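Please look through the fold below before reading on. The paragraphs after it can be followed with the model open.

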Amino acid sequence: MPESKFSRKTQQAIKKFTDRIEPVMVFNQWLEAITTGKITRKVLVYYGVGGIGKTRLISKLMDDVDKRNKEQSKIKINIIFAGMDINEYNSPSAVLLGLRKQIKFPCVLFDYGLVKYLSSIGKTADQIKEFIPKNSVIWDITGDILEAIHIPVGLIDKIAIKLREKYSIQFKEYHNEIEAIDSCKRNPEEISERLPHLLGIDISIAAKSKNSIFAIFLDSYESIYRRQDFQLANNDPDEFIQELVLSSKQTLFIIGSREYIKWEQKDPSWNEILDQHILDYLSDQDSDYFLRSVPILDESIRKSIISSSKGLPLYLDLCVEIYLRNKNNMTAYDFIIPTNEIIPRFLSHLSDDERTLFIALSYIHFLILTSLKFL
């Protein structure tokens, strides 16, 4: 991206090393395989500790796809992105709606199911209007009616009827899916479970009719397992993503996660779809190359940073920021952080109340273990 000529020009390890050869090469290989029709779907997973550069890698891959779209127009690659740690994504339906809003093509089946779902959980017609994307076929069908100040709730069923009339081909071809939604009636859980399947079908229809493919990027994937709403809704909080994958054709899913995804433990056939790659720490040589490019000319400082950072790009960036702010007064010793000093240094940056809370929280697991011994 262009930068202001007045901004400070600094190197960043995470940016500099997101072009790791192997991760990018694998991405391009699977993208080409889907583009040429050799496979219909793939899930490419990049996993590793926080700060290793997963988000930067995903950003770079999306930029590469965008450039590719501009350079050749034979087969367009539709980019969809979701950061799973966003607060608004507090349920599977919210995540799916976030993905749906980025799709520029009609999603007849999903929108049909979405209207039914929102109605079943008690949303008023006016509220439903706020959820529906402006490019939805529902807006096309109802025209000025949806622009009204108030919409009668009874209009929901009329919208469904008009959808059937205008998109009779889709409704006839996917009669079973539509019938299953209709049979759910007012049961929101059953409808919600079918939404990823419907969106996957719509993605497949769009890819085929528009001679394109989809690249769906999901970052901070581990957040799904930490959301209580996801856990309460289903024993497998990411089952809806699995359903979306299995229902989507001509689609490459790219997932950034701190953890290895274990779908194959319940169903070994997932091994045919999943391709997982750990993002390793940077080597001492790569770290030194980066630090010299900053530049940090003092070899002793570079060695000290390399030893402390242990190849973690985020840590390297932090060290560079510290160095650039105080480079006239920095020594190698300033970057040597013995393990037993890490927590005291962290606590020194907290207020008294924050420090007390942090220490109190650290005792919780000891209390739990002690309680269990007496049970």
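What follows goes from the sheet to the helices and then to a loop.

This is a predicted model, in which local features need pLDDT of at least 70 and side-chain atom pairs count only at pLDDT 80 or more, while totals for chains, interfaces and linings use all residues. Residues are numbered from 1 along each chain as its sequence is written, and side-chain values use heavy atoms, with hydrogens and water left out. Helices (H or I, at least four residues) and strands (E, at least two) are DSSP runs, numbered from the N terminus.

Start with the sheet. Strands of a sheet pair through backbone hydrogen bonds, either parallel or antiparallel. Here five strands form an open sheet in the order β2-β3-β4-β1-β5, with parallel pairing; two strands count as paired if DSSP finds at least two bridges between them. The edge strands are β2 (76–83) and β5, each pairing on one side only. On average, neighbouring strands of this sheet are turned by 15° against each other, direction ignored. Axes are lines fitted to C-alpha atoms, for helices over the stretch in contact, and angles run from 0 to 180 degrees between N-to-C directions.

How many residues of strand β1 (residues 41–47) are buried? Seven of the seven are, so β1 is largely enclosed by the rest of the structure. Buried means under 20% relative accessible area, exposed over 50%, and partly exposed in between (1.4 Å probe, protein chains only). Arg41, Val43, Val45 and Tyr47 point one way from β1, Lys42, Leu44 and Tyr46 point the other way, and all are buried.

The partners of β1 can be taken in turn. Strand β4 (residues 251–257) runs parallel to β1 and is joined to it by seven bridges, with Tyr47 opposite Ser257. Strand β5 (residues 274–278) pairs with β1 in the parallel sense over five bridges, and here Tyr47 stands opposite Ile278. β4 also pairs with strand β3 (residues 212–219), in the parallel sense and over five bridges. Phe217 has Ile254 in β4 as its bridge partner.

Now the helices. Helix α11 (residues 188–209) packs on the sheet, touching β3 and β4, and its direction makes about 140° with that of β3. Helix α2 (residues 21–35) lies across β1, β2, β3, β4 and β5 and runs at about 170° to β1. Contact means heavy atoms within 4.5 Å.

The axes of α2 and helix α3 (residues 54–71) come within 11 Å and cross at roughly 45°. The two helices are therefore oblique to each other: angles under 35 degrees count as roughly parallel, over 145 as roughly antiparallel, 65 to 115 as roughly perpendicular and the rest as oblique. Residues making this contact include Phe27 and Leu31 of α2 and Leu61 and Val65 of α3.

Helix α4 (residues 92–100) and helix α5 (residues 108–120) pack at an angle of about 140°, with their axes 12 Å apart. That makes α4 oblique to α5. Ser93, Leu96, Leu97 and Arg100 of α4 meet Phe110, Asp111, Leu114 and Tyr117 of α5.

Pro295 lies between α15 (284–293) and α16 (299–309) and is partly exposed, with a relative accessible area of 44%. The C-alpha atoms of Pro295 and Val320 are separated by 9.4 Å, the two residues being 25 residues apart along the chain.
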